[in-house]
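I opened the model to look up a few things and kept notes as I went. The entries follow in the order I made them.

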Amino acid sequence: RGLGELDAYLTQCRACPRLVAWREQVAANRRPAFQDWEYWARPVPGFGPPDASLAIVGLAPAAHGGNRTGRMFTGDASGDFLFAALHAVGLASRPTATHRDDGLELYGVRVTAPVHCAPPQNRPTPGERDTCRPWLTAELGILAPGLRAVVALGAFSWQALLPALGAAGWRVPRPLPVFGHGARVTLPAADGRPDLEILGSYHPSQRNTFTGRLTFDMLVEVLDRAAEAAGL
Ligand code: DU
Ligand code: SF4
């Protein structure tokens, strides 16, 4: 089973009643600036090539970002920051992302999230995080043979990612390593898979970027180190 097939199944998922209601309610109440848009209003698949050696894991689609455009991090402030940084380190064909059909290419990078539907207040419940985990586990499993590094954006991402990696067959230390900006953990090679480097970064949400908690240079530095670990 490939990523295309996984994404096709994923986009039909209705397992979280609260998120199904929210993603559709947001689409029925479009922002004035987006009146002409037909919102995606479904689970948002990961974005990037199936042979990616680097994965970047966020939190969940934004209501008027990924939930509108149908592509992870596309069309919101967090994504503007992330794609500009990816372009700055040579991992994206352009610094901007506007729509799932905008032609943007990622080089060796897959951008995804542990929760695939937009949650109210950008805050999924622990139950929703656990319900969505098998999708991330499956995606990581498909990427596994060539995957060499993963960047977790924020503590929620880190805490959802590590169990998903465990479920996908990596040996994850217990207790789970603690998240921090600059945190780094190596999961040992196994089953023909290479070593996997896990790197933590603060999430590029406006809450962090407006306050200077995460600067552009800080994100670029983490992505640079991740690209090196991934052989990119
Ligand atoms: O509605 P549409 O953009 O024409 O998408 C058709 C079909 O493609 C939908 O069932 C999901 C799938 N798809 C996908 O798997 N990954 C994407 O990034 C965009 C669409
Ligand atoms: Fe399905 Fe995940 Fe969306 Fe829940 S958040 S409905 S598990 S795709």
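**Entry: R129**

I looked up R129 and found it in helix 5. This is a predicted model, so I keep to computed values throughout. Is R129 buried or exposed? I counted 21 C-beta neighbours inside 10 Å, so R129 counts as buried. The cut-off for buried is 20 or more. Next I listed the contacts of R129, leaving aside neighbours within four places in sequence. They are P114, V115, P124 and A160. I also checked R129 against A230, which is 101 residues away along the chain. Their C-alpha atoms are separated by 27 Å.

**Entry: ligand 2**

Helix 5 came up again when I turned to ligand 2. I found 15 residues around this ligand. The closest are C13, C16, P43, C117 and C132. Which elements give two or more residues to this shell? They are helix 2 (17-28) and helix 5 (126-143). Helix 5 supplies the largest share, 4 residues. I sorted the shell around ligand 2 by class: 11 residues are nonpolar, 2 are polar and 2 are charged.

**Entry: ligand 1**

I then listed the residues that surround ligand 1. They are D7, A8, T11, P45, G70, R71 and R100. By class, I noted 3 charged, 2 polar and 2 nonpolar residues in the shell around ligand 1.

**Entry: strand 3**

I moved on to strand 3, residues 149-153. How many of its residues are buried? I found 5 of the 5, so strand 3 is largely enclosed by the rest of the structure. I sorted its residues by direction. A149, V151 and L153 point one way, and V150 and A152 point the other way. In a regular strand, side chains alternate between the two faces of the sheet.

I checked the pairing next. A152 stands opposite G200, and L153 has S201 as its bridge partner.

**Entry: strand 5**

I stayed with strand 5. Here 6 of the 6 residues are buried, so this strand too is largely enclosed by the rest of the structure. Which residues lie on each side of strand 5? I put L196, I198 and G200 on one side, with E197, L199 and S201 on the other. Both faces are covered. Strand 4 (residues 184-187) is joined to strand 5 by 4 bridges, and the two run antiparallel. In this pairing, R184 stands opposite L199.

**Entry: nonpolar core**

I looked up the largest nonpolar core and found 69 residues in it. Those with the most contacts inside it are L86, V151, L223 and A226. V151 is already in my notes from strand 3. Which helix gives the most to this core? I found that it is helix 6 (residues 155-167), with 7 residues. I then followed up L86, again leaving aside neighbours within four places in sequence. L86 is in contact with L91, A92, L106, V109 and L223.

**Entry: domain record**

Last, I checked the UniProt record. Its unreviewed entry lists residues 45-223 as "domain: Uracil-DNA glycosylase-like". I computed the composition of that span as 33% helix and 13% strand. The end C-alpha atoms of residues 45-223 lie 21 Å apart.

Definitions and conventions:
Residues are numbered from 1 along each chain as its sequence is written. Chains are lettered from A and ligands numbered from 1 in the order in which they are written. This is a predicted model: local features need pLDDT of at least 70, side-chain atom pairs count only at pLDDT 80 or more; totals for chains, interfaces and linings use all residues. A nonpolar core is a set of buried Ala, Val, Leu, Ile, Met, Phe, Trp, Tyr and Cys residues joined through C-beta atoms within 7 Å. A residue is buried if 20 or more other C-beta atoms lie within 10 Å of its own, exposed if 12 or fewer, and partly exposed in between; C-beta atoms are placed from the backbone. Two residues are in contact if their C-beta atoms, placed from the backbone, lie within 7 Å. UniProt positions are given in the numbering used here, feature names are shortened, and annotations may be inferred rather than shown by experiment. A residue is near a molecule or strand if its C-beta atom, placed from the backbone, lies within 6 Å of it. Ala, Val, Leu, Ile, Met, Phe, Trp, Tyr, Cys and Pro count as nonpolar, Asp, Glu, Lys and Arg as charged, and the others, Gly among them, as polar. Two strands pair if DSSP finds at least two bridges between them.
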